[in-house]
Amino acid sequence: MKLSSVAKFLDQPLLSNTLSRKMPCILTCAAAIYGIKDTFEQPKDNRKKQAIKNLMILGSITLASILGGKFIKINGQSLIETIPKEKILLQQRSAISEFLANNPVNSNKISGILEKAKNKILNLKDTDTLLNELKGKINAQKLIDTLFGKGEEINSSKILQEISKLSIMGFIPVASGILGGIAADKITGDLTKEKTTNKIKEGIYQFFANIFLCNVGAGTFLYTAEKLNDAGVIKNFTPLKKALVILAGILSVGVLGGSYIANFIGNKLVNPILDKKPQNNKESRKPEPIDIALHTDDIATAGVLSGLKWIEPLLPVMYLISGYRAATGYRNTSNNAHSALTNTRNITIIKK
């Protein structure tokens with residue numbers, strides 16, 4: 001099984017279209033599963049309160065993401081673009097008919113695969129078999145481009161064009177998470193100025209470090225590498241090298257630079273405005289492995305690696321994590337870690 005076959009299998013327009021149409025259901029199920037799991041991990045006497053919080057937080061993130069993906073438009077296109085399934089099937093049937101008119105097929109196996117492609121998503125084995133059999137055939141490339149998507153040349157201009165779209169897609173769950181978290185605290189009687197401040201600061205961290213600046217870093221690094229390639233400094237600028245350049249931009253500008261900027265905003269703006277804290281009272285939210293893992297979506301939606309376009313409809317599911325962390329006001333500072341440890345000890349003493 002070739003890697004190129006796996007990429008083509010994942011890049012089927014019909015697969016991406018199916019995921020786009022099912023995104024609301026997938027996001028709702030993911031939120032429900034996480035909410036139930038988190039609720040039952042709490043002590044029994046705290047489960048009811050946690051269930052209310054999770055319902056409000058995850059419900060607000062889910063609803064906002066679904067509505068935003070459908071109704072917010074960038075350059076006339078929805079954030080989550082859904083092409084009618086029948087339109088894709090008509091294009092595939094037309095391409096298959098044109099191919100068969102010029103290439104009589106004697107194999108029942110290939111005929112069966114092409115017949116299946118008229119109505120369904122092809123599995124990985126069928127994809128690999130068909131790609132091997134189409135080599136050298138008349139109109140084969142047109143059929144491949146129709147069934148498995150036409151590869152796009154990824155460059156800095158294209159990624160920079162995506163920044164507004166990806167940033168809005170990431171801002172929606174973060175903003176709705178903060179609002180849902182504040183509302184949940186108010187209803188359950190847990191609302192405090194410190195908790196609200198932490199939610200806003202974590203939201204800023206999630207947006208800058210895990211979303212916005214990752215896209216900026218990817219575009220900036222790729223633009224610089226393209227100029228170096230034009231000058232002959234970088235030779236043989238392959239797709240793999242492009243992917244590594246973009247990954248470097250995401251990790252350096254997004255994780256490190258975004259973390260610094262988010263902490264700076266939190267300490268210099270949020271603390272003085274909401275908590276009236278002295279500016280020398282600083283805290284630092286440090287990047288964690290899960291923060292780095294969140295950047296998979298940035299690479300995928302930029303279309304850097306062939307066959308990863310199917311992840312785009314799943315972006316709201318990935319951004320759900322950022323939204324939830326903002327809603328809970330997650331902080332990994334030493335002070336908060338100490339407080340959490342102290343609270344745990346107190347609970348243990350009470351139980352004893």
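Modeller: We shall begin with the chain as a whole and then turn to a few residues. Please note that this is a predicted model.

Colleague: How many helices and strands are there in the protein chain?

Modeller: The protein chain contains 14 helices and 2 strands. Of its 352 residues, 44% count as buried. The chain exposes about 18,400 Å², of which carbon and sulfur atoms supply 63%.

Colleague: What share of the contacts with a separation of 6 or more comes from residues 24 or more positions apart?

Modeller: Such residues account for 79% of those contacts in the protein chain. A pair of residues illustrates separation in sequence and in space: L67 and I172 are 105 residues apart in sequence, while their C-alpha atoms lie 9.8 Å apart.

Colleague: Where does L67 lie, and how is its accessibility classed?

Modeller: L67 belongs to helix α3, which spans residues 47-71. The class follows from relative accessibility: exposed means over 50%, buried means under 20%, and partly exposed is in between. L67 has 41% relative accessibility and therefore counts as partly exposed.

Colleague: Is L63 buried or exposed?

Modeller: L63 is also placed in helix α3. Its relative accessibility is 52%, so L63 counts as exposed.

Key:
Residues numbered from 1 in each chain as written. Predicted model: local features only at pLDDT ≥ 70, side-chain atom pairs only at ≥ 80, totals over all residues. Heavy atoms only, no water. Helix = DSSP H or I, 4+ residues; strand = E, 2+ residues; numbered from the N terminus. Buried < 20%, exposed > 50% of the residue type's maximum accessible area, 1.4 Å probe, protein only. Contact = heavy atoms within 4.5 Å. Areas by Shrake-Rupley, 256 points an atom, 1.4 Å probe, with all protein chains shown as cover.
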